[in-house]
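Please look over the sequence and the structure first.

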Amino acid sequence: MEYRTLGSSGTVVSTYALGTMTFGNETDETGSHEQLYRYVEAGGNLVDTADVYTTGASENIIGSWLAKSGARASVVLATKGRFPMGELPNDVGTSRRHLRKALDASLTRLGVDHVDLYQLHAWDPITPLQESLSFLEDAVRAGKILYGGVSNFTGWQLQKACDLIDRRDWSPLVTLQPQYNLLVREIEWEIIPAAQENGLGLLPWSPLGGGWLTGKYSFDEEPTGATRLGEDPNRGVESWHRRSRNQRVRDVVEAVRAIAEVRGISMAQVALAWLVDRPAVTSVILGARTTAQLDDNLAAAGLHLTAEETEQLDRASDPGAADYPYGGPGTAQRDRPLEGGRS
């Protein structure tokens, strides 16, 4: 396992994090504990959860493992709040009222007095941003969290947050948790530059594109059985009906497959190795149903692609920005040669 700092902070984390969205839902408590033990044995130290994951069950499972294993001192613990945890109007959002209740409940379920990283799980169009960010600052000062982060913010939302924090001289955000993989690269246009400008590290979720980058889905036959798309072929952005008709998705999957066959490794390991070396990435979040899946993912630790392999994947996965503002002509307007001149 390799390590990097958690964004611009001084805390060190492994380049692969353990995501726990499956805990209590697709993975029972015994299987979840097995994954946690396997992960830390492999050198991993960043465990990411959220209150909304199986309505608190994921945090409860992690809490019982922390109590049993005694691993709290070595684990960098991250959780999130924002999404509904009840039916009342104030059971959702990033208001001070909801976040206070959400954080306290998370600490109780996890059985800890603080978490290392607390993240706003998504933008809240109703709550003033100053209210949400001032809560994070107060939580840092109270010792309930060490760092604040955000998830699923767009570029302008992230920049607005960082500017407000800078003006108020509050503790800076250290991470952004976005969806990022070979099939979802549009965040490279604005979101990643905003993160880099402000010193935030990326914690990419869905690094395998909902399973598409593992090669387990056929483009010609609707999936069935105990897989996420087998249980729901129209599941979100991963939808089989949409992606199976997309030529770019086919090109990316075939490019990943070709490198995997030459290397003699799994397609998942190729996709993870590409992502872990992208600019600004701090730690890639692994999400597995089974320990066997986690073992295969962890085999990517320390794996790096050659420049030629990276270029092959970059070319196949290029989302094809229009000429303006993100394509060649638009990019050229924001550049200039050091030596000057009119050409």
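## Leu 120 and its strand

In which strand is the place of Leu 120? Leu 120 sits in S6, a strand that covers residues 115-120. Helices (H or I, at least four residues) and strands (E, at least two) are DSSP runs, numbered from the N terminus. The model is predicted: local features need pLDDT of at least 70, side-chain atom pairs count only at pLDDT 80 or more, and totals for chains, interfaces and linings use all residues. Residues are numbered from 1 along each chain as its sequence is written, and side-chain values use heavy atoms, with hydrogens and water left out.

Leu 120 counts as buried, at 1% relative accessibility. Buried means under 20% relative accessible area, exposed means over 50%, and partly exposed lies in between (1.4 Å probe, protein chains only). What touches Leu 120, leaving aside its neighbours within four places in sequence? Its contacts are Gly 81, Thr 94, Leu 99, Ser 132, Leu 133, Leu 136, Gly 149, Val 150, Ser 151 and Phe 153. Contact means heavy atoms within 4.5 Å. Gly 81 is 39 residues away from Leu 120 in sequence, yet the C-alpha to C-alpha distance is 5.6 Å.

## The chain as a whole

The protein chain holds 13 helices and ten strands. Its radius of gyration is 20 Å, close to the 20 Å that the globule rule gives for 343 residues, so the chain is as compact as a globular protein of that length. That radius is taken over C-alpha atoms, and the rule is 2.2 Å times the number of residues to the power 0.38. The C-alpha trace spans about 55 × 55 × 35 Å along its principal axes.

Of the 343 residues, 52% count as buried. Among contacts with a separation of 6 or more, 74% join residues 24 or more positions apart.

Helix H11 runs over residues 291-298, and its buried residues are Thr 291, Leu 294, Asn 297 and Leu 298. Down the axis of H11, these buried residues fall within an arc of 115°, so they line one face of the helix. The arc is that of the directions from the helix axis to the C-beta atoms. What do the buried residues of H11 pack against? Their partners are strand S3 (16-19), helix H1 (29-41), helix H10 (267-276) and strand S10 (284-286).

Helix H12 (residues 307-317) has Glu 309, Leu 313, Asp 314, Ala 316 and Ser 317 buried. Their cover includes helix H9 (247-263) and H10.

Leu 107 belongs to helix H3 (residues 96-110). Its relative accessible area is 7%, so Leu 107 is buried. Not counting residues up to four places away in sequence, Leu 107 touches Val 112, Asp 113, His 114, Val 115 and Lys 144. Lys 144 is 37 residues from Leu 107 along the chain, and their C-alpha atoms are separated by 8.4 Å.

Trp 240 lies in helix H8 (residues 240-243). It is buried, with a relative accessible area of 9%. Beyond four places in sequence, Trp 240 has contacts that include Trp 212, Phe 219, Pro 223, Leu 229 and Pro 233. Trp 240 and Trp 212 are 28 residues apart in sequence and 9.0 Å apart, C-alpha to C-alpha. Asn 45 is in the loop between H1 and strand S4 (46-48). At 12% relative accessibility, Asn 45 is buried as well. Among its contacts, not counting residues up to four places away in sequence, are Val 12, Tyr 39 and Ser 74.

## Backbone details in loops

Where does Pro 325 lie? Pro 325 is in the loop between H12 and helix H13 (328-333). The peptide bond from Tyr 324 to Pro 325 is cis, with omega near 5°.

Thr 55 is not a glycine, yet its phi is positive, about 50°. The residue sits in the loop between S4 and helix H2 (57-69). Is Thr 55 buried or exposed? Thr 55 is exposed, with a relative accessible area of 62%. Ala 280 also has a positive phi, about 80°, although it is not a glycine. Ala 280 lies in the loop between H10 and S10. Its relative accessible area is 25%, so Ala 280 is partly exposed.
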